[in-house]
Amino acid sequence: MNPGSKLYVKKVIGENIKRERVKIGYSQAQFGNLINLTRASIINIESGRHSPTNETIYIICCILKCTPNDIFPATKKIVLKSKTKIKHIVKKITTYQPVKI
């Protein structure tokens, strides 16, 4: 599965939510009641069939005492590419010589 695909992201988010839920010790039904979702909805999220909304992710993080970084897939490769681009941009800016008018 391609790490950049929507299916991959949904699956990893679901797996991570499940990991955090199990760590705390909630059943799917208990967890669903806490965040106002049915057990079926929790199953669909954890299996990657459905994506939770931003608001639901916020509530999940509050209930499970975790951060969005614990829920979302790691982006290390993307960040490293961005740092390279940022260094290039900073170098251009710092070597820029203003034109005298």
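Cysteine 61 is buried, its relative accessible area being 6%; buried means under 20% relative accessible area, exposed over 50%, and partly exposed in between, with a 1.4 Å probe and protein chains only. Cysteine 62, in contrast, is partly exposed, at a relative accessible area of 43%. The structure is a predicted model, in which local features need pLDDT of at least 70 and side-chain atom pairs count only at pLDDT 80 or more, while totals for chains, interfaces and linings use all residues. Residues are numbered from 1 along each chain as its sequence is written, and side-chain values use heavy atoms, with hydrogens and water left out.

The structure holds zero disulfides, a disulfide being a pair of cysteine sulfur atoms within 2.5 Å. For cysteine 61, which is in no disulfide, the nearest cysteine sulfur belongs to cysteine 66 and is 4.1 Å away. Cysteine 62 is likewise in no disulfide; the nearest cysteine sulfur to that of cysteine 62 is the one of cysteine 61, at 7.1 Å.

Positive phi values were also examined. Asparagine 36, a residue other than glycine, has a positive phi near 65 degrees. Asparagine 36 is found in the loop that links helix H2 (28-34) and helix H3 (39-46); helices (H or I, at least four residues) are DSSP runs, numbered from the N terminus. Asparagine 36 is exposed, with a relative accessible area of 71%.

Lysine 65 is not a glycine, yet its phi is positive, at about 55 degrees. The loop between helix H4 (54-64) and helix H5 (68-71) contains lysine 65. Lysine 65 is exposed, and its relative accessible area is 72%.

Note on methods
Helices (H or I, at least four residues) and strands (E, at least two) are DSSP runs, numbered from the N terminus.
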